[in-house]
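Keep the structure in view as you read.

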Amino acid sequence: MNTIPIFAFPGNPSRFPTERPTTTIRSSHERLEMHTSTPSTTLRNVMGLSNQLPRLSESTLIMIDFQNTYRTGVMALDGAEPALAAGSRLLERARAIGTPVIHVINDGGENTPYDIRAEIGRISDEVAPLDSEPVIVKQFPNSFHATNLEDTLTELGKPVGSNLILAGFMTHMCVMFTAQGAFNLGYRPSVVAEATATRSLNSPTGHTLSVDSLQNASLTMITDLFGTVAPTVDAIAS
């Protein structure tokens, strides 16, 4: 019988199943009971990937889009201020123990909420980079796409396979897609939930998706495959 690969995993394809599981046809009532009472096994568990959080001292901290953009105006996020405060605490801890820090900033062009030449688009003072800390300018949600982030990690002595700790804005967009990009390249990303925030959005069905729902869904998508999630800054050991 021919086998059909269903995934490809960077650097370790042997951990993936090589055959599709047998499909069992269930009634809609049975499917509803399964979905409401028993959560599915994560892809990470299926593939034997570790769910252990990394130590801050053994990682690189990537601060994503902590811009004034998200504190006021049309792009203001619910929970931006406490997330920024948490990001500041995380940054202070990283600096105190010598953990490499990289800042990422999104440039949306002049006269936009992401104009990095104006106050609205600058990195917030509470987490402003030191002269010694690299700043990566991006224009896509994935911080690795069309930037020198991977080269910068290599220069810092953090090759593919290294631990990356991610924090910043927005959870469902640049944080999640950077986690995915890191995973695709072979890094081991972890997100600090307390130091992230997002906003409510209208769903395609016409309903409003609350901030909490979108935040939880985004973090759950990350933990299903791309990486681990620490609920708080304190959950990351030094």
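Val 191 has Val 229 in β8 as its bridge partner. The two strands involved, β5 (residues 188-197) and β8, pair in the parallel sense over 3 bridges. Strands count as paired if DSSP finds at least two bridges between them. The strands themselves (E, at least two residues) and the helices (H or I, at least four) are DSSP runs, numbered from the N terminus.

This is a predicted model, in which local features need pLDDT of at least 70 and side-chain atom pairs count only at pLDDT 80 or more, while totals for chains, interfaces and linings use all residues. Residues are numbered from 1 along each chain as its sequence is written, and side-chain values use heavy atoms, with hydrogens and water left out.

Now step back to the sheet. It is open, has 6 strands, and runs in the order β3-β2-β1-β4-β5-β8 with parallel pairing. Its edge strands are β3 (135-138) and β8 (228-230), each pairing on one side only. Neighbouring strands are turned by 25° against each other on average, direction ignored. Axes here are lines fitted to C-alpha atoms, for helices over the stretch in contact, and angles run from 0 to 180 degrees between N-to-C directions.

Helices lie against this sheet. Helix α3 (residues 80-97) lies across β1 (59-64), β2 (101-106), β4 (163-169) and β5, and runs at about 135° to β5. Helix α6 (residues 211-226) packs on the sheet too, touching β5 and β8. The direction of α6 makes about 170° with that of β5. Contact means heavy atoms within 4.5 Å.

Which residues does Arg 89 touch, not counting those up to four places away in sequence? They are Glu 194 and Val 233. Arg 89 lies in helix α3. Its side chain makes a polar contact with the side chain of Glu 194 at 2.9 Å. A polar contact is a pair of N or O atoms within 3.5 Å; within protein, one must be able to donate a hydrogen and the other to accept it, and residues adjacent in sequence count only if both atoms are side-chain atoms. Arg 89 is partly exposed, with a relative accessible area of 36%. Buried means under 20% relative accessible area, exposed over 50%, and partly exposed in between (1.4 Å probe, protein chains only).

Is Thr 60 buried or exposed? Thr 60 is buried, because its relative accessibility is 0%. This residue lies in strand β1. Leaving aside neighbours within four places in sequence, its contacts include Ile 102, Leu 153 and Ile 165.

Some loops hold backbone features. Asp 65 has a positive phi of about 55° although it is not a glycine. Asp 65 sits in the loop between β1 and α3, and counts as buried at 0% relative accessibility. Ala 146, also not a glycine, has a positive phi of about 60°. Ala 146 is in the loop between β3 and α4 (149-155), and at 68% relative accessibility it counts as exposed. A cis peptide bond joins Phe 169 and Met 170, with omega about -20°. Met 170 is found in the loop between β4 and α5 (171-185).

The axes of α5 and α6 come within 10 Å and cross at roughly 5°. That makes α5 roughly parallel to α6, the term for angles under 35 degrees.

Terms used:
Angles under 35 degrees count as roughly parallel, over 145 as roughly antiparallel, 65 to 115 as roughly perpendicular and the rest as oblique.
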